[in-house]
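Good morning. I will go through one structure today, beginning at the ligand and then moving out to the chain. Please have a look at it first.

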Amino acid sequence: MNVPLSRPWLGEEEINAVTEVLRSDRLALGPVNQAFEEAFAEMCDTKHAVSVNSGTSGLHLAIRALEIGPGDEVISTPFSFIASTNCILYEGGTPVLVDVDEKTFNIDPARIEAAITEKTKAIIPVHVFGQPAEMDPIMELAEKYNLAVIEDACESIAAKYKGRTAGSIGDCSVFGFYPNKQMTTGEGGMICTNDDRLADLFRSLRNQGRGDSLQWLTHVRLGYNYRISEMTAAIGLEQVKKLPQILDTRRIVAKKYIDGLKHREDLILPYMQDHTEHSWFVFPVRVRAEIRDKMIEGLMARGIQSKAYFDPCIHLQDFYMKEFGFKKGDFPIAESLSNTIIILPFYSLMTDEEIEYVLENFLELIDSFS
Ligand SMILES: *Cc1c(COP(=O)(O)O)cnc(C)c1O
């Protein structure tokens with residue numbers, strides 16, 4: 001049996017919606033994009049949602065709109081996908097990293113204050129693997145030091161923190177729709193905010209810096225082409241409608257994995273908290289560092305895709321070490337997560353046979369290594 005790491009859940013609805021757009025002659029800047037944005041804002045519980053062509057573009061516009069540039073510092077963590085700090089570099093800002101919490105894998109709020117300086121402009125909490133970061137203390141610090149908060153919610157669509165939707169708490173938030181994400185548009189992203197001024201800026205910046213009138217050849221600021229097509233928006237709109245179903249089925253797959261693995265004392269399973277609601281992005285399991293890569297190889301030999309995540313951490317990527325002088329040992333918790341986590345195959349449409357096959361082989365392999 002071959003079990004992939006992830007699979008999107010697309011069906012006739014998406015195919016029909018794209019076909020309808022293709023027959024309409026309106027391929028960009030049209031009503032489907034508007035409908036997609038409205039549906040997304042409602043899901044995220046924010047006043048505005050502005051579509052962009054990737055999560056990375058969304059993060060870039062967030063940094064740009066907040067006027068972060070050379071000399072400014074932005075606080076985030078090394079245990080994330082590289083786009084969550086690259087966006088700071090695009091504008092010449094300096095990433096200031098702090099270590100994560102060992103259980104949630106998210107930024108450790110207790111470490112943030114010591115990292116704040118006069119140059120700090122913003123915090124980017126990343127809601128890693130579907131678990132919302134601890135937002136209350138983050139927002140308190142942001143208020144105390146007058147910092148902006150950009151939620152990188154790319155992995156945690158529709159997750160909840162104390163009843164509030166991930167992505168509705170900071171000044172703005174960013175989502176990504178690459179095919180391994182809970183919902184996908186192939187490539188795509190969204191920026192959400194309750195701030196009218198920021199929303200206008202995002203709309204202008206993604207659209208070549210055009211002003212309110214959207215006069216085609218008048219550009220009031222340096223902008224980009226970060227727009228999505230109506231075909232992309234059509235897929236996105238159908239996926240947002242399907243999102244509750246997507247998340248429910250993923251929750252069921254996660255439960256089956258947990259039930260099949262919870263008896264093992266040599267594994268650390270995802271940490272569940274009472275005040276947060278997971279949006280299952282991946283299924284991470286921690287094993288001993290010495291056997292982690294052998295496990296991944298062994299699974300691969302049995303047709304099962306798994307991955308070391310996030311390995312290496314951001315601060316141990318070559319160009320970060322060269323540019324900022326980061327080295328091994330700088331962020332011991334992030335590094336130990338990076339050395340022990342395996343993510344298992346995980347998607348809405350996983351069959352019981354596939355889940356069983358993964359569990360059986362995973363347990364057999366780990367026994368063979370102990
Ligand atoms: C997926 C992801 C992004 C955005 O990725 P794109 O491929 O640009 O859409 C940003 N941050 C995190 C943490 C992600 O997982």
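Let us start at the ligand. There are 13 residues around the ligand, and those that come nearest are G55, T56, D152, E155 and K181. Keep in mind that this is a predicted model.

At G55, a polar backbone atom is 2.8 Å from an oxygen atom of the ligand. With D152 the side chain is involved: one of its N or O atoms is 2.8 Å from a nitrogen atom of the ligand. The side chain of K181 also takes part, with an N or O atom 3.4 Å from an oxygen atom of the ligand. How much of the ligand does the protein bury? Taken alone, the ligand exposes 380 Å², and 92% of that is buried by the protein.

What kinds of residue make up the shell around the ligand? Four are nonpolar, six are polar and three are charged. Which helix gives the most to this shell? That is helix α3, residues 55-65, with three residues. As for the space taken by the ligand, it is the second largest pocket.

Next, the chain as a whole. The protein chain has eleven helices and 13 strands. Its C-alpha trace spans about 65 × 55 × 35 Å along the principal axes.

Finally, some backbone details. Where are the cis peptide bonds I want to show you? One joins Y309 and F310, with omega about -25°. The other runs from D311 to P312, and here omega is near 0°. F310 lies in the loop between β12, residues 307-308, and α9, residues 318-324. P312 is likewise in the loop between β12 and α9.

You will find F105 in the loop between β3, residues 94-97, and β4, residues 120-123.

Notes:
Residues numbered from 1 in each chain as written. Predicted model: local features only at pLDDT ≥ 70, side-chain atom pairs only at ≥ 80, totals over all residues. Heavy atoms only, no water. Near = heavy atom within 4 Å. Polar contact = N/O pair within 3.5 Å; in protein donor to acceptor, adjacent residues only side chain to side chain. Areas by Shrake-Rupley, 256 points an atom, 1.4 Å probe, with all protein chains shown as cover. 1 Å grid on protein atoms, 1.4 Å probe; cavity = no way out; pocket = protein on both sides within 12 Å on 5 of 7 lines; lining within 4 Å. Sits in = over half its atoms within 2 Å of the grid points. Helix = DSSP H or I, 4+ residues; strand = E, 2+ residues; numbered from the N terminus. Nonpolar A, V, L, I, M, F, W, Y, C, P; charged D, E, K, R; others polar.
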